[in-house]
Every structure is written in C-alpha cells, then in structure tokens.
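Here is a friendly briefing to read alongside your model. Keep the viewer open and follow the topics one at a time.

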Amino acid sequence: MSTMAEPAKDEAKDKKALSAGARQERRLGWLLCAPAVIVMVAVTAYPICYAVYLSLQRYDLRFPDRAEFTGLSNYGAVLTSPFWWDAFWVTLFLTVVSVAIELVLGMGLALVMHRTLFARGTVRTAVLIPYGIVTVVAAFSWQYAWTPELGYLAGLLPSGDAPLTEQWPALWLIILAEVWKTTPFMALLLLAGLALVPEETLRAAMVDGATPWQRFTKVMLPLMKPAILVALLFRTLDAFRIFDNIYVLTAGAHGTGSLSILGYDNLFTALNLGIGSAISVLIFICVGIIAFTFVKLFGAAAPGAEVKR
Amino acid sequence: MAEIVLEGVTKRYPDGSLAVRDVNLEIADGEFVILVGPSGCGKSTTLNMIAGLEDITEGTLRIGGQVVNDLAPKERDVAMVFQSYALYPHMSVRENMGFPLRLAKVDKATIDQKVEEAARVLDLVEFLDRKPANLSGGQRQRVAMGRAIVRNPKAFLMDEPLSNLDAKLRVQMRTQISRIQRRLGTTTVYVTHDQTEAMTLGDRVVVMRQGLVQQVGTPAELYDMPRNLFVAGFIGSPSMNFVQASLTPDTLRTPLGDLPLDDRMRRELERRDAPREVIVGLRPEAFEDASLARDTAGPTVTVTVEVLESLGSDAYVYFTAEGGPVSTAELDELATDSGLADTGAGGDQQIVARLDAATRAREGQPIELRVDLSKAHVFDPKNGTNLTHPES
Amino acid sequence: MAAAGRSHATRWGVVNVVVVLYALFPVWWIVALSFKAPSTLTDGSYIPTDWTWENYKGIFQTSEFTRALINSIGIALIATVIAVILGTMAAYAVARLRFPGKQVLIGMSLLIAMFPPISLVSPLFNIERSIGIFDTWPGLIIPYMTFSLPLAIYTLSAFFREIPWDLEKAAKVDGATPAQAFRLVIVPLAAPGVFTTAILVFIFCWNDFLFAISLTSTESARTVPAAIAFFTGSSQFQQPTGSIAAAAVVITVPIIIFVLLFQRRIVAGLTSGAVKG
C-alpha cells in the first residue's frame, strides 16, 4: 500500500529532534505492528490487486490455456447482465430492510437489557446465543422450520405452502433469519451506547417535563448517536455481504441470490474466473462506497476516530 | 534516610521543549519539602526525575551522597505515592503493601509483620484481605501510603496524593501524612498544586513556574517576602490584591488614593532605581477598619463596600478599584490556573480586605480603611520583581 | 405501592421471557430434530416423542463429520492463537507507544474489518491453487487470522487502554525490574482482555462458511459448517436432516459453553472495541 511509505518519510524529517528514547519507541512500535501489517497486506491488498488483474482477462477455468487480456469487457458483461442487477437489488433490499428492522428491535432489546430489574445475566446470556451460533446451523434450523411436513412453522401455514420456493416469502424469511442472528450484536453495541447516557441527564429531562418518549428521542438518541452510527456502519457492511443464510435457505434460487452468491456461483458453478473476479471487484467498490458515505456523512463518529485519544 | 541534592537539573523533551530548567535544591535528611505551582510548571517532572521514572537531561541528582542519575528506580530505594494511588487491582491490600518487600526478597514472616504494623498505624487492619476495588477513596489512599512506608525507604515521593479526595477527607489525611512523616523522620518530597497544602505541610516550599524555581523558603518567608509577582499572587488565600500605581519621590498614586512611602520602601525603591509605573500588592490583612484601628498611623482610603462576607472570626469586604484590572503574564497565568479567568469577573480590579469581625461595614455603604504600608509590596510590571524585597 | 411493584416485576418478567424465547427457539428446534428418530422427524412436534441418540451415533461413525470436526477445531485454534499473538503485539503498540503510522494501521484494520470476503474468494482460490495450499489447513488459517486481526487489534487495544499504566511506574519504584513489572503487574491485568479476545476470534473462525466452502474441495481441510452443507443421507433416498441437525448441535455446544461461562466478558469485549465515548 502506498500509505506505508509515509512513516519512513516522517522519520527522516524528525530524526534530528528525537532523543534516543523516542527513536527506540517508534522502532518498537513499528516492529510490533509489522507482523500484523504484513499479514493484512499480503492476504487482502495483494489478492484484491490480483483480482483486478484477473478481472481484465478472459479466464475460464475449464480452458485455462485460452486466457487472454480483454480489458474492461468483463465489467461490461457483468454490468449489462440482468443477473448482476437482480442480485444487486436483492442485496440492497435485504440490507436496508434487515438493518432497519435490526436497529428498531436492537434498540428495544438494548433497553430491555439496560432496564430490566432482574435476570439481567440470563437475558444477556440468552441474547448472546444467536450472536455466537454458527450461521449455517441457524440457517438450517430456519430451513427445517419452514419446510412443509418437517417444520413447526410451515405447519402453521395453509398446507402445501412452501414459502422458501417463492421469491417474496423467501426474501422475508431470509430477512427473518438475518435479523434473528444479528439483532443481539446490534443490541449489544447500542447497550454500550446507552451506558454512556448519564442517568442524571435523564432525570434532568424528567424534571424539565419531558415525556418518556421525548426523553428517548430528544435526550437518549442524540447522546447515543455515535454508538448508533458505529452499529449501523458495521451491520450495513456485514449485511451487504450476506451469503451463509441464503446459501442454506434457498441457495439463491427463485430470485433470492445476493451479490455474494452471484460471485460464488460464477466462480464455482460457471468456473469463470474472469467474470467472477470482475464481480468481486465490483462488490469491493460497492462496499467502499457505502463505507465512504458513512464516514463522510458522520465524520468524527467513524470508529477510527475514537482511537486517536 | 538521606538527603536529596539537585544540581542544575534540567529536563528537555524530544521536541526541544524545556520542562524543568536548571533546578538547584538541597533537601536535608528528614526534611519535608513541597514542590508547588500551577499545572505544567515542571513539579511532577522534577519528582519523576527524582524517582527515576524520567531521565535527567542535564545536571546531577544525588540521594544520600550517591549520584543516581543513571540508576533505575529499583536501585534508588525511594517510595512513591501516586495521585491515582496506582494500587494493583489484582492484589489484596496485604499483597499490595507487601509487594515492594516481596520484590526485595524479604522473607514471608517479616513481610507479614511489617504489613501488619503499617496497617495498624494507618488503621487498615480490618481491610487487609480486601481488593482495592472494594475500598473507599480514603482507604485506598491509606493503602498507597502503607505501601510506601512498609519498606522504610530513603525518601518518600508523593505526587498530589490527596487531590482525589473530597475536601474534608483531604484535611484529615493532610494531618495524618504530617504526623507519619514526623514520626518516621523520612525525607519527603511532596508535589501539589494546592498552595494551602503547601503552606500547611512543608518545612520548606519550592514554588515553580514554567520549569523554573521561583522561590524556595519556609511558608512564612514565601508569604511575607515573596520575591516576585508570581509567588506573591500564588501564595495566600484569598490572594494578594494588586493595583496599578505611579511612583513619585514620596508617594504611590493608586486608584484607591495616594499612599505615602515609608522609609523602608523609599530606600529599597531608590536603591533599585524603580520605574515610574509599578504594581502595588496588598494582602487582605493589610487593610484595617479605620474606626477600629489600634494605632492611628498610616494612610487611610475610603471605599464603597460591594459585598460583605462575615465568617464569624473575620469579615471579608469586597470593593473595586477604578482603572481596570492589573494584567501581567504572571497574573494572567495564575488567573487561568485558578479558573478565575472563567468567572466573568472582568472590568474593574476586585479588591478584598480582611477586617475584624466587629467591623460595621455594610453593603453599599462607604467605609474608611487604614492601610498598613509595612505589609505592602511594590513590583516591577516588566519582570515581576519585588522591588521592596530586601535581598532580590 | 407493593401491588404496583409486583405488576412492574411481572411486566419485566414477561418481557424477559419473550426475549429468552426469541433467542432460544430456533436453537431448541434443531436440538429437538437431532434427537428424533427418522420415523418421527416429520411429526412437527417441539419435543421428540421418542428420544434417540441414533443421529449422533451416525455422524460420529462417518469420517466426513469426525474429520471435519478435527479440522474445525484445529484450524480455529491455530488461527486464533496466531491472530491473538499478532494482535497483542500491534494493540500494545497502538495503546501504549507513540509512533508515526499508527493511524495508518488503525485505518487499515478498519478497512479489512469492512472487506467483503467474497471479493477475496476468487483471487485467493487461484493463488492458493498455484502455491499449493488450496484445500489444506494453512489455506483456511491464513484468511481466518487475517480477517480476525482487526477484531483482535480493536478489542485488545481497547482493553490495554483501560490498564492503568501508572501501575507499571509504581512497580518500578517499588523495586521491580522491567521484567518483573511486566510479569507480576501487567500480565495479570492484561490476561482477561487477551482471553476474551481469543474467545471472540475463535467464535469468528468457528463460524465461517464462505471461505470454508470456497477454499476446500475434500475432507482434508473442510470444516464442519462446510461439511454439513455437503452431507448426504445414509441412503440416497433419505434426507440427511437428522445428521445435519446432530452435527449442528455438536458445533453449537462449544459456543453455548463459552457464552454461559464468559457472558460478561464477551459483552465487554464486543462493545469495548466498537464504542468508546
């Protein structure tokens, strides 16, 4: 990464003014960080560059000898393909809807955990289970629950209905599975934010005549804003790469495939490395845009900011 | 036990800034010395250099006759009490207090005995098996003290040990620290930003500002004969009043009125070739209610009482002197440090006088005050020197 | 007053029960399935009518599952150990030392925390095949430890910042050598944070599915989540539902144990890195 060159430049500039102790400190700092940095760069930066390189080629794994440089044609093919756009809209829909539901539910859950009078430990433990459980396991549980003949939930539906085989019901079930699994994480992040709201400020608002709802919207929410934004950022980016739940629940059939599913299928079903890589790069760009938007819109609230202190 | 000698001790940070400049100080064996000054004056850095927690850039530090500049804290045999107490949260009170002895490989029985002894002195016996998290602030402070005294070090170094306690407890602990120090007779260097603590605790007080020692002396010396405007303004509560004045051969023209010079002042001012524009400093007790005054010598001024605070033993009278507030670098720094700059008390110069409780001063009424010129100080506004100090 | 208090308590009781049910219902369903005999699998009841260990016996007799379980444990443990070691070093530097480039490191780990794994799947697939670690343990350990490094660095540096470093000074004045100060004071204080981080990283690695199915092709490195997805029934006419349920329960057990034992720590770890006022 080009940014890695900066420390060296700074060093040359400041060298004279530094005592031996400070020089030792920065050398130790770099030494301690070096392994982590090298691993992270080698395993992400290099492959993503390699993906860009692959995406500019016609590269079909079935005919590896016929690889050739084709410029941006893979991107053209992807961006004009209805598969990409279907997957894109599905992913966007899943992301927006599930994050929105999670935010509301998570806030409720956080308030319960924050305010509950007893069994706080039990509630927190229970809530951690969806967070910790292997997504694939949860996904299978949901799949079986909605499979006619087998599942308790399918049994509640008019007989013969198989919700996972129709687009809209299936999408909502995917959202349900996502929400179940990740709301606790959202709730925990929000809970940490709630803990930052001073009890006295809430009392002051109460004395000033604020109703419970006003206390929530006018005092708590503004004070929790940094926590909410961090939680939203993490969850949005996480939801955007949704894969496990869809793979198990519908395998992307019936118009429920996300971008990650599309990328996976192109690579392992169609065995087209060029197109697959182009999809990879495009997803990377999408995520970059989302992250950039968040950081630009909310600036100081971005998770990197707090570390500076 | 040992004396501590600093010779030309200087601390320069990597970025070139000077935290401590050329400090020369001899602390006698068993002496209780206070380093005091506003935040950033270099007092804590000086203490850390004595402890060995920061390197000395230039100069020599001797503890008990031995140069210790390059010794690790471990080899200096000093004990330190931190502002945060720095108790080890994973150890019980007993283990905390015994930790220095354990590191010194003292046998278990001796450690137990010494810890018990210290705990008895500090009234901590019943808490010995608790963790620091389960103690009150005052108890934690005592544990930190205990950890320092168990090992019988050459010196105690204390870095604002009382500033995390509430006001009442602070006064109690202050006397306890004083008592313990006297009983053990251990050389002690104590850092604080609170001038009351400095005045009540120390055998001698070192006032520092911007890395420089301003004055070293007993509390009384600092109070009665401050060498400069900074020390004058820093020591004493309520602090010294300052007014602008023009100097004529035999009078000080101040916004309060003309004050004739007495012989002592005239001599000192002449000797030092004082400038025409000066700053006059008057402690609150330099004023007296003229109607109650015991002797009738000395000039009087008539002012209008704005606020009267009766404390039973004394009465404080507040009034303003025309001509705007006195402003120099030293006084501005003091105001910022004490937070006075934030009180919005701008405008005219506030003056406070400490009068006998029998005064008949009433708010809004004029009163005649007699000024004791023998307690007045005249400062050079350019460098803050006390022009009436006999030695400076 | 007492009556009001009681109804208040009742309300919270109901809310708490709802929350616990919400969290546990899908888990219970898969547990119930795993104990059902094939004949009663489809009865849709929440509690198995006749409990059987058959499904568990079945999966532990196939190398498909046992091998995957060994892979899962081995890969997750090794990746956790490496990530925590590298993370501890970097987090110590971030929390304690002043050096240029710190912001770059923090920014970079943030970037990687947001990185879409699918974007790496195609290039890694190709790179790993060409250097011969495709379908091996290192082939999964490397991406796992990379993707858990940001988590480790964030959580650990938050923990390290909480350690009162005055204590290190105090220990030195108390007569400790730097090594003693580290061993007797810093390590005991840092250990809980390191341990918590290890649990979080382990859960992260244990959970992964995308890399597991993309970067393996045989039993030799396939982890349980991936193996489950490839389960086939004992005969081709039989759905592997029971086996999948049993395998799912087996890999859920460690998570439940962690959560039960270290609930408080996990909560602290999850939130400390992300939100700090």
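Strand S17 of chain B and strand S18 (residues 314-321) of chain B run antiparallel and are joined by 4 bridges. Strands here are DSSP runs of E with at least two residues, helices are runs of H or I with at least four, and both are numbered from the N terminus. Two strands count as paired if DSSP finds at least two bridges between them. Please keep in mind that this is a predicted model, in which local features need pLDDT of at least 70, side-chain atom pairs count only at pLDDT 80 or more, and totals for chains, interfaces and linings use all residues. Residues are numbered from 1 along each chain as its sequence is written, while chains are lettered from A and ligands numbered from 1 in the order in which they are written.

**Sheets of chain B**

- S17 and S18 belong to an open sheet of 3 strands in chain B, with the order S17-S18-S19 and antiparallel pairing. Its edges are strand S17 (307-310) and strand S19 (349-356) of chain B, each of which pairs on one side only. From one strand to the next, the twist averages 20 degrees.
- Another open sheet of 3 strands in chain B has the order S15-S20-S16, and its pairing is antiparallel. Here strand S15 (287-289) and strand S16 (300-304) of chain B are the edge strands, each pairing on one side only. Neighbouring strands of this sheet are turned against each other by 40 degrees on average, direction ignored.
- S15(B) and strand S20 (residues 366-371) of chain B run antiparallel, with 3 bridges between them.
- As background, the strands of a sheet pair through backbone hydrogen bonds, either parallel or antiparallel.

- Two packed helices are described by the angle between their axes and the distance between the axes. Axes are lines fitted to C-alpha atoms, for helices over the stretch in contact, and angles run from 0 to 180 degrees between N-to-C directions.
- In chain B, the axes of helix H4 (residues 108-122) and helix H5 (residues 137-149) come within 10 Å and cross at roughly 135 degrees. H4(B) and H5(B) are therefore oblique to each other; angles under 35 degrees count as roughly parallel, over 145 as roughly antiparallel, 65 to 115 as roughly perpendicular and the rest as oblique.
- H4(B) passes H5(B) in a right-handed crossing (right-handed if the near helix is turned clockwise from the far one by less than a right angle, left-handed if anticlockwise).
- H4(B) brings Ala118(B), Ala119(B) and Leu122(B) to this contact, and H5(B) brings Arg142(B), Met145(B), Gly146(B) and Ile149(B). Residues are in contact if their C-beta atoms, placed from the backbone, lie within 7 Å.
- The contact of H4(B) with H5(B) has 5 nonpolar, 1 polar and 1 charged residues. Ala, Val, Leu, Ile, Met, Phe, Trp, Tyr, Cys and Pro count as nonpolar, Asp, Glu, Lys and Arg as charged, and the others, Gly among them, as polar.
- In chain C, helix H7 (residues 166-173) and helix H8 (residues 178-207) have axes that come within 10 Å and cross at roughly 135 degrees. That makes H7(C) oblique to H8(C).
- The crossing of H7(C) past H8(C) is right-handed. Leu167(C), Glu168(C), Ala171(C) and Lys172(C) of H7(C) meet Ala181(C), Leu184(C), Val185(C) and Ile186(C) of H8(C), giving 6 nonpolar, no polar and 2 charged residues.

- Chain C has 11 helices and 0 strands. Along its principal axes, the C-alpha trace of chain C spans about 75 × 75 × 35 Å.
- Chain C is divided into domain 1 (1-52) and domain 2 (64-274), with bounds from an automatic or database domain assignment. The centres of these two domains of chain C, taken over C-alpha atoms, are 31 Å apart.
- In chain C, 8 residues of domain 1 are in contact with 7 residues of domain 2. The domain 1 side of that contact in chain C divides into 6 nonpolar, 1 polar and 1 charged.
- Between chains, 85 residues of chain C are in contact with 92 residues of chain A. Helix H11 (residues 241-274) of chain C gives the most to the chain C side, with 16 residues. By class, that side of chain C has 65 nonpolar, 18 polar and 2 charged residues.

Conventions:
Contact = placed C-beta atoms within 7 Å.
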